[in-house]
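Please consult the sequence and structure shown here.

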Amino acid sequence: MKHETLFQPVEGSVEAGDLTVYAISTCGFCKRALTFLRSHSVRFKYIYVDDLPFDLKDEIKSFLREKFNQQIRYPFVIIDNDRCLIGFTEEEWKKTLGLE
């Protein structure tokens, strides 16, 4: 996808897989999710979908819908390009990312 270069990398000492976070800049759940990852020193990359042009937002939503067959809600996290987490529930994230 042509939006790959727009991601912001976040360095961390914990490798919980290749994490790609799609978020909305004003979303409280998204803010908590990014804070959670940073506080656990997890390495990830993210993009604020609402900061993108309409056609690129639409392309991203179509890609996520087709690849994961899920309703698009944020945060939307791709793990190792084959699994996803949708929304933010701390316990679920801890378990899925091996941070327990």
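## Strand pairing

Proline 9 stands opposite lysine 45 in β3. Strands β1 and β3 (residues 44-48) run antiparallel and are joined by three bridges. Strands are DSSP runs of E of at least two residues, helices are runs of H or I of at least four, and both are numbered from the N terminus. The model is predicted, so that local features need pLDDT of at least 70 and side-chain atom pairs pLDDT 80 or more, whereas totals for chains, interfaces and linings use all residues. Residues are numbered from 1 along each chain as its sequence is written, and side-chain values use heavy atoms, without hydrogens or water.

## The sheet

Five strands form an open sheet in the order β1-β3-β2-β4-β5, with mixed pairing; two strands pair if DSSP finds at least two bridges between them. At the edges lie β1 (8-10) and β5 (83-86), each pairing on one side only.

## Helices on the sheet

Helix α2 (residues 54-68) packs on the sheet and touches β2 (19-23), β4 (76-79) and β5, contact meaning heavy atoms within 4.5 Å. Helix α3 also packs on the sheet, touching β2, β4 and β5.

## Helix α1 against helix α3

Helix α1 (residues 28-39) packs with α3 (residues 90-97) at about 40°, their axes 11 Å apart. Axes are lines fitted to C-alpha atoms, for helices over the stretch in contact, and angles run from 0 to 180 degrees between N-to-C directions. The two helices are therefore oblique to each other, a class left after roughly parallel (under 35 degrees), roughly antiparallel (over 145) and roughly perpendicular (65 to 115). Ala33, Phe36 and Leu37 of α1 meet Glu90, Trp93, Lys94 and Leu97 of α3.
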